[in-house]
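Let's take a walk through this protein together. Have a look at the model first, and then we'll go through it piece by piece.

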Amino acid sequence: MSALSPAATPSKENDNEVSFLLDEIFFSRTDPRGVIVNGNGIFERVSGYEMSELIGAPHKVVRHAEMPKGVFWLFWNRLGAGSPIGAYVKNRSKDGGYYWVFAIATPLEDGFISVRIKPTSPLLAKVIDLYAEMLERERSLDCSPEESAQHLLGKLGEMGFPDYESFMAHALAEESKARNASLGRAPNANLANYSDMGQCLDTILKLGLEIQQGFNRIQTSPLNMRIKSVRMGDIAAPLTAVLASFDTLNDKIRASINGFLDCSETARKNVNDGLFVNCANDIQKETINRFRSDDSPGEHEAIVYEAEQLHNLNVQYANKIRDALHRIQIETKRFFDMAVLLKRTLSGLSVTSILCQIESARLDDPSGGIDEVISQLRRFQELTSDCLAKIEDENDKIKCDVEKISLVIGEEPIEPEAFEFSKPPVTRERRSRQRAEA
């Protein structure tokens, strides 16, 4: 890794924002250590460094001092685990200015590749405030990057995001929608379907948790009945047998609910994966097209190589979308089966309630305790039946969304193929535009 020359040393930070166009996309590639191997002209121009200064330098040469360390801990922790990541990043230019990007970084066999767009959605303002709070906390408490990252996850949880994956998928979708709208482009056909699936799964998880809470409320009922039956002696022996039956049902219901919540959560993660790679896939395609329009003299061979890298990554992402859809289909089928199993188990609970009612009448329970337990069991059964009916409706909606996305992207995986790259002739209009942008 080469050190920056004195001429390449950045100036003191200032409040000057470096502007760039909404349709411009940064590109850079690093080795496994994060040392810059290559980049595009937009990265070079906006950062203020010559490409010869950037290549061989660590990517953190453009890191702004106002970026919380916790964000980069999450960033590199995910990349180190072999997973892509998206994040809002405030960068620093050579002259001390700043510029915000939404960065999408992906691991390669020999390093990492990053494409970055200009963030314009309302979410950016919230992130700026959040980062400022994180930075102040890091400085005042002298907390480690990992501790700061955990704090960030807690704050995201307060915003309604259960994990970073759900946040970055939502953020990239919002930035893609805002960008397309501002550029007068048609919206991504799949974003609405992924959004619908996410909302359906949120509803399903809430209904599942409602069933779980209802189940927890009836846990003391059999205990109270058992105490009563012991006090009543041999005359309550049939009631004791009914309670033993309830214990068996109790375990089955708990297992069904836990299994249902588990597969619902898995389906939600798969939807987030599909949403993220779908948006990233579009941006990578656009980056390849920008490479095709790059007319930097004498760099055709290098540009072709970087375009090939992005093309191969694009193929991987397209197949990831298919894989995520396939997993969503598996999980929706699984939690539908869980719902059916829970329904069947509840029919056993209905029989138990009837037997309890018979025993209550036979024992002439003056306190009405057994009747109250029966009422609790029935209320839980009614709650669960109502929730399961709503869950089935949401499940049907998810199936429709999956079918719509499958029609757009096709069912069969894409096979890697020879990448054909040709650069169009540089027109006078395009050259004039490039000079004006510079």
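Before we start, here's a term you'll need: two strands count as paired if DSSP finds at least two bridges between them. Now take strand β4 (residues 98–108) and strand β5 (residues 111–117): they run antiparallel and are joined by 7 bridges.

What is the order of the strands in the open sheet? Reading across, it goes β2-β1-β5-β4-β3, so to speak a row of 5 strands with antiparallel pairing. At the edges sit β2 (36–39) and β3 (85–92), each of which pairs on one side only.

Helix α3 (residues 69–80) touches β3, β4 and β5, and its direction makes about 135° with that of β3. Helix α6 (residues 164–182) also packs on the sheet and touches β3, β4 and β5, but here the angle with the direction of β3 is about 65°.

How far can you trust what you see? This is a predicted model, and the protein chain averages a pLDDT of 79, with 72% of the residues scoring at least 70. Confidence is highest in helix α4 (residues 123–141), at a mean of 97, and lowest in helix α12 (residues 428–437), at 44. Over residues 423–435 pLDDT stays under 50, and the model has 17 contacts beyond four places in sequence for them.

Note on methods
Residues numbered from 1 in each chain as written. Predicted model: local features only at pLDDT ≥ 70, side-chain atom pairs only at ≥ 80, totals over all residues. Heavy atoms only, no water. pLDDT = per-residue confidence, 0-100. Helix = DSSP H or I, 4+ residues; strand = E, 2+ residues; numbered from the N terminus. Contact = heavy atoms within 4.5 Å. Axes fitted to C-alpha atoms, helices over the stretch in contact; angles between N-to-C directions.
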